Amino acid sequence: MTLRIGKANDNDFVVAEPSVSRYHAKLSRDGDGSLILEDLSSTNGTFVNGSQILKKRIAPSDRIMLGNNFELNVSEVLKSNNDYSEEFAALKSVYSEFVAQKVRIQSATTFRARLFQALPFALPGIVGVAIGFSGKGTSLFLGVSLLVAICAPAAGVYFGAKQAAKAPQLLQDLSNRFKIDYVCPKCGTFLGEIPWESLANKKHCQAPGCRAKWS
């Protein structure tokens, strides 16, 4: 990608400012995707964060002046060429967080369901141990032990199933948020549950009519 910036109408990004030269500067990306700004022997110079430059690696957050009065917005220049690389890069964390939360929900739900299902089966044994240590195998203790042996497993199955039933709704809520956040930065089309790295290799949005690019 190389974008020429200046006052002449055949530039990629036209600047109508007297102190800007006809062909003032060019913006490009190097092999690792970094932005490079180069002055094209302009009359009034190109400045990055107050220092005049001939060629310099920049970030979109840098303050860039062309000539005496024009402050260049790098994001606007990139969008003039449908380059949404910066916005697309931010989607990497969106996808990573989605996968992490999905795993957490599934793991936590499975653990709680199994815990509720397993603990009640241990209660009859606990009651039996208590009876043994007390040495009072009365009818009351035996009745309690029988009641626990019958009811506890049923309660465990019920509460375990109740915990498991929460997972689909939690996953659906997570998916709904993901569909809002994981979209093309230009056209807003949901990018699907496709890993960010796979989308990065495609280098552009796949939606019909959208020409958003990222590199």
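**Cysteines, fold and selected contacts**

The structure contains zero disulfides, a disulfide being a pair of cysteine sulfur atoms within 2.5 Å. Before I continue, please note that this is a predicted model, in which local features need pLDDT of at least 70 and side-chain atom pairs count only at pLDDT 80 or more, while totals for chains, interfaces and linings use all residues. Residues are numbered from 1 along each chain as its sequence is written, and side-chain values use heavy atoms, with hydrogens and water left out.

As to exposure, buried means under 20% relative accessible area, exposed over 50%, and partly exposed in between, with a 1.4 Å probe and protein chains only. Cys187 is partly exposed at 36% relative accessibility, whereas Cys210 is buried at 11%.

Let me turn to the fold. The protein chain has five helices and nine strands; these are DSSP runs, H or I of at least four residues for helices and E of at least two for strands, numbered from the N terminus. Along the sequence, the pattern is β-β-β-β-β-β-β-β-β-α-α-α-α-α. Of the 215 residues, 34% count as buried. With contact defined as heavy atoms within 4.5 Å, residues 24 or more positions apart account for 47% of the contacts with a separation of 6 or more.

Next, Arg29, which is placed in strand β3, residues 25–29. Is this arginine buried or exposed? Arg29 is buried, with a relative accessible area of 14%. Its side chain makes a polar contact of 3.2 Å with the side chain of Asp83, and another, of 3.5 Å, with the side chain of Ser85. A polar contact here is a pair of N or O atoms within 3.5 Å; within protein, one must be able to donate a hydrogen and the other to accept it, and residues adjacent in sequence count only if both atoms are side-chain atoms. Leaving out residues up to four places away in sequence, Arg29 also touches others, including Met1, Leu78 and Ser215.

Phe88 belongs to helix α2, residues 85–89, and is buried, with a relative accessible area of 2%. Beyond its neighbours within four places in sequence, Phe88 is in contact with Pro185, Trp196, Leu199, Ala200 and Trp214. The C-alpha atoms of Phe88 and Ala200 are separated by 8.4 Å, although these residues are 112 residues apart along the chain.

Finally, the aromatic rings. How many aromatic pairs does a search of the whole structure find? The search finds seven, where rings of Phe, Tyr and Trp (its six-membered ring) pair if their centres lie within 6.5 Å, and planes under 30 degrees apart count as stacked, over 60 as edge-to-face and the rest as tilted. Phe178 and Tyr182 form a stacked pair, 4.7 Å centre to centre with 20° between the planes. Phe178 and Phe190 form an edge-to-face pair at 5.8 Å and 85°. Phe178 lies in helix α4 (residues 139–181) and Phe190 in the loop between α4 and α5 (196–202), so this pair ties together parts that are 12 residues apart in sequence. Phe178 is buried at 3% relative accessible area, while Phe190 is partly exposed at 31%. Together with Tyr95, Phe98 and Tyr182, these two residues form one aromatic cluster.
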